[in-house]
Amino acid sequence: MTQEALTILRGAMEDMKLPYALGQYRAHPLPETYFVGQWADSESFTEDGREDSTMTLLGYSRAGLDALMTAARALQARFPDYGWTGLTSSGSGIAIAFAGVTALTDIDGATRRISINLNIKEWRVNE
């Protein structure tokens, strides 16, 4: 995943007012609901310069599952199943699509968790 894709995702989370950090959320005190991102790249077998990644957004909330599902619906609206597309500042193409949400086991009985997957496809231009 390119830095440009990470920047687009971070901007979208800020626009939606969803607290987010890549890797680990370090702000203190922790917000009532927040997300931590992690990604996995897939090996590409195409010749068109496409790179595939899956961004997993782990959501945590002391406000309950409703707060997390509201955030999931907002992400699905922003990145629909058929994909949000755009061009990066370098001219590369990008498509981000909502791929699903899964409820996870509570951590401590008070904090609810979900996992949201976004599929990201990038087509880099050669410079």
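**Strand pairing and nonpolar cores in a predicted model**

Thr33 has Ser61, in β3, as its bridge partner.

**Strand pairing**
- Strand β2 (residues 33-42) runs parallel to strand β1 (residues 20-22), and the two are joined by three bridges.
- Within that region, Ala21 stands opposite Val36, which belongs to β2.
- With β3, by contrast, β2 pairs in the antiparallel sense, and this pairing extends over 10 bridges.

**Nonpolar cores**
- The largest nonpolar core holds 24 residues, of which Met13, Phe35, Met55, Leu57, Leu75, Ile116 and Leu118 touch the most other members.
- Two or more residues of this core come from each of α1 (3-15), β3 (50-61), α2 (65-78), β5 (93-104) and β6 (112-123), and α1 gives the most, with five residues.
- Once neighbours within four places in sequence are set aside, Leu118 is in contact with Leu9, Ser53, Thr54, Met55, Leu57, Phe79, Ile96, Ala97, Phe98 and Ala99.
- Another core, of six residues, lies apart from the largest one, and its members include Ala21, Tyr25, Tyr34 and Val36.
- In soluble globular proteins, nonpolar side chains tend to be buried together.

**Ala74 in helix α2**
- Ala74 is located in helix α2, where its relative accessible area of 30% makes it partly exposed.
- Between the C-alpha atoms of Ala74 and Gly93, which are 19 residues apart along the chain, the separation is 23 Å.

Notes. Residues are numbered from 1 along each chain as its sequence is written. This is a predicted model: local features need pLDDT of at least 70, side-chain atom pairs count only at pLDDT 80 or more; totals for chains, interfaces and linings use all residues. Side-chain values use heavy atoms; hydrogens and water are left out. A nonpolar core is a set of buried Ala, Val, Leu, Ile, Met, Phe, Trp, Tyr and Cys residues joined through side-chain atoms within 4.5 Å. Buried means under 20% relative accessible area, exposed over 50%, partly exposed in between (1.4 Å probe, protein chains only). Helices (H or I, at least four residues) and strands (E, at least two) are DSSP runs, numbered from the N terminus. Contact means heavy atoms within 4.5 Å. Two strands pair if DSSP finds at least two bridges between them.
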